[in-house]
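Dear colleague,

I am handing over the structure that we spoke about, and below it you will find my notes on what turned up in it. Please read them with the model open beside you.

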Amino acid sequence: KLKAEWNKFVQENDDVSYASWIVTPMFRSASDFTNDISWLGVSPSWTAFGKAYDAWYEKAGRLAAKFDDVYTCDTQQMFAAQMVRQSESTSGRGVMMVSNCSLINDATLMDVAVADQKWNAYLDIQDAEGSIFRWYPGPGTPTDLSYSFKYVTTAPSMTAWGQASESFVNGGGLMKQTEIFGNIVSCDSARLYSINAYGGQQ
């Protein structure tokens, strides 16, 4: 119900560079995560993000109150996102997998960058769809944080995700990924979410 009002607000504020998605859990453990939905907001820079928030706090009082009436949000976290692989798909819908990952064996982010090049080269050969991001924790993340970054992959549909998973599990992808990243990164079990564009502008 609020989507049209949200997009009107963004469009009426030319200085707002902020796009949003609704993230809905599909496969996760309730013992670890209990939220019904998440709001994913993205700006092209820290400056743009700050301007968007200033506009929201200064001009969106009534709209903000309407949002407060339909959901509660006691956790807000910021991440710096790094694009590792960019999809050609421009769909506003799809699925997203997220894992928490830690550097191991004294590995550095430079080691990870070199591994990314090898992994992307392999994915190119596989004609893999979807994007890959690395989210680095920022303000609002827990003080007892136990991971280095979140590893995020997207697919434009469950069919595309299934095809990629088939290649990964039964087509040698898992062994190749272990060969490339196994000595430098350790990740926990992934969660799978649906993602739907809610609007905004970049």
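From D144 to V169 the separation is 25 residues in sequence and 33 Å in space, C-alpha to C-alpha.

Please keep in mind that this is a predicted model, in which local features need pLDDT of at least 70 and side-chain atom pairs count only at pLDDT 80 or more, while totals for chains, interfaces and linings use all residues. Residues are numbered from 1 along each chain as its sequence is written, and side-chain values use heavy atoms, with hydrogens and water left out.

In helix α1 (residues 3-11) the buried residues are W6, N7, F9 and V10. They cover an arc of only 155° around the axis, which puts them on the same side of α1; the arc is that of the directions from the helix axis to the C-beta atoms. A4, K8 and Q11 are exposed on the other side of α1. For helix α6 (residues 173-181), the buried residues are G173, I180 and F181. Seen down the axis of α6, these fall within an arc of 75°, so they line one face of the helix, whereas M175 and E179 are exposed on the other side.

The salt bridges, each a side-chain nitrogen of Lys or Arg within 4 Å of a carboxyl oxygen of Asp or Glu, come to 5 by this rule. One of them joins the side chains of E5 and K66 at 2.9 Å, N to O. Because E5 lies in helix α1 and K66 in helix α3 (residues 61-70), the pair ties together parts that are 61 residues apart in sequence. E5 is partly exposed at 32% relative accessibility, and K66 is partly exposed at 36%.

Another salt bridge is formed by the side chains of R85 and D124, again at 2.9 Å, N to O. This pair links distant parts of the chain, with R85 in strand β3 (residues 79-85) and D124 in helix α4, 39 residues apart. R85 is buried, with a relative accessible area of 12%, while D124 counts as partly exposed at 48%. The side chains of D188 and R191 also meet in a salt bridge, at 3.0 Å, N to O; D188 is partly exposed at 35%, and R191 is buried at 6%.

Finally, the loop between β4 (93-103) and α4 (109-125) holds N105, and D106 is found in the loop between β4 and α4 as well. N105 has a positive phi of about 55° although it is not a glycine, and the phi of D106, another residue other than glycine, is positive too, near 60°. N105 counts as exposed at 60% relative accessibility, and D106 is exposed with a relative accessible area of 79%.

Technical notes: Buried means under 20% relative accessible area, exposed over 50%, partly exposed in between (1.4 Å probe, protein chains only). Helices (H or I, at least four residues) and strands (E, at least two) are DSSP runs, numbered from the N terminus.
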